[in-house]
Amino acid sequence: MPIRLLVVDDHPVVRAGVQQLLAGTEVEVVAEASSSQQALDRLRSSRFDLVLLDVRMPEEDGLRCLAEIKAREPQLPVLIFSGYANPSYIAKAIAQRASGYLTKDANRETLLATIRKA
């Protein structure tokens, strides 16, 4: 059974790269969003098994989006995916019940293992 994934990142090349990395695996990117608001809209209209969420995005950051997701769907796993290994971001993400924190320099195997674990 596939893992239905929502990828939230403001950079199209990152979203495309994640999709490419996960091609041929049990993880299926079923939707993408380029902002927190788009992510929340997607969550209202579809069901996902996991959200892969960037921290730094325009309009509203991913940590605020994480809080909103957890308020609406507390059981939905959210994996933070950031270019920054910032201890403050990590602490805030864990405090807001993120399922994990992964930096964008992770390789395919690490990304897959972290998604499976989440």
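**Labels and their grounds**

Modeller: Glu59 sits in the loop between β3 and α3. Helices (H or I, at least four residues) and strands (E, at least two) are DSSP runs, numbered from the N terminus. This is a predicted model, in which local features need pLDDT of at least 70 and side-chain atom pairs count only at pLDDT 80 or more, while totals for chains, interfaces and linings use all residues. Residues are numbered from 1 along each chain as its sequence is written, and side-chain values use heavy atoms, with hydrogens and water left out.

Biologist: Why does Glu59 count as exposed?

Modeller: Exposed means over 50% relative accessible area, buried under 20%, and partly exposed in between (1.4 Å probe, protein chains only). Glu59 has 75% relative accessibility, so Glu59 counts as exposed. Its phi is near 70°, a positive value in a residue other than glycine.

Biologist: What makes Arg97 partly exposed?

Modeller: The relative accessible area of Arg97 is 45%, hence the label partly exposed. Arg97 belongs to the loop between α4 and β5 (100-103). Although not a glycine, Arg97 has a positive phi of about 70°.

Biologist: Why is Ala33 called buried?

Modeller: Its relative accessible area is 0%, so Ala33 is buried. Ala33 is placed in strand β2.

Biologist: What makes Asp49 partly exposed?

Modeller: Asp49 has a relative accessible area of 26% and is therefore partly exposed. Asp49 lies in the loop between α2 and β3. Not counting residues up to four places away in sequence, Asp49 touches Pro2, Ile3, Arg4, Leu76 and Pro77. Ala91 is 42 residues apart from Asp49 along the chain, and their C-alpha atoms are separated by 23 Å.

Biologist: How do you know that Leu112 is buried?

Modeller: Its relative accessibility is 6%, so Leu112 counts as buried. Leu112 is in helix α5 (residues 108-117). Leaving aside its neighbours within four places in sequence, Leu112 is in contact with Leu22, Thr25 and Val27.

Biologist: Why are α2 and α3 called roughly parallel?

Modeller: The axes of α2 (residues 36-45) and α3 (residues 62-72) come within 10 Å and cross at roughly 15°. Angles under 35 degrees count as roughly parallel, over 145 as roughly antiparallel, 65 to 115 as roughly perpendicular and the rest as oblique. Hence α2 and α3 are roughly parallel to each other. The contact is made by Ser36, Ala39, Leu40, Leu43 and Arg44 of α2 with Cys65, Glu68, Ile69 and Arg72 of α3.

Biologist: What makes up the largest nonpolar core?

Modeller: A nonpolar core is a set of buried Ala, Val, Leu, Ile, Met, Phe, Trp, Tyr and Cys residues joined through side-chain atoms within 4.5 Å. The largest one has 23 residues, and Leu6, Val51, Leu53, Ile69 and Ile80 have the most contacts inside it. Two or more residues each come from β1 (3-8), β2 (27-33), α2, β3 (50-53), α3, β4 (78-82) and α4 (87-95). With 4 residues, α3 gives the most to this core. A second, separate core has 17 residues, including Val29, Leu102, Ala106 and Ile115.

Biologist: Which residues does Ile69 touch, not counting residues up to four places away in sequence?

Modeller: Ile69 touches Leu40, Leu43, Val51, Leu53, Pro74, Leu76 and Val78.

Note on methods
Axes are lines fitted to C-alpha atoms, for helices over the stretch in contact, and angles run from 0 to 180 degrees between N-to-C directions. Contact means heavy atoms within 4.5 Å.
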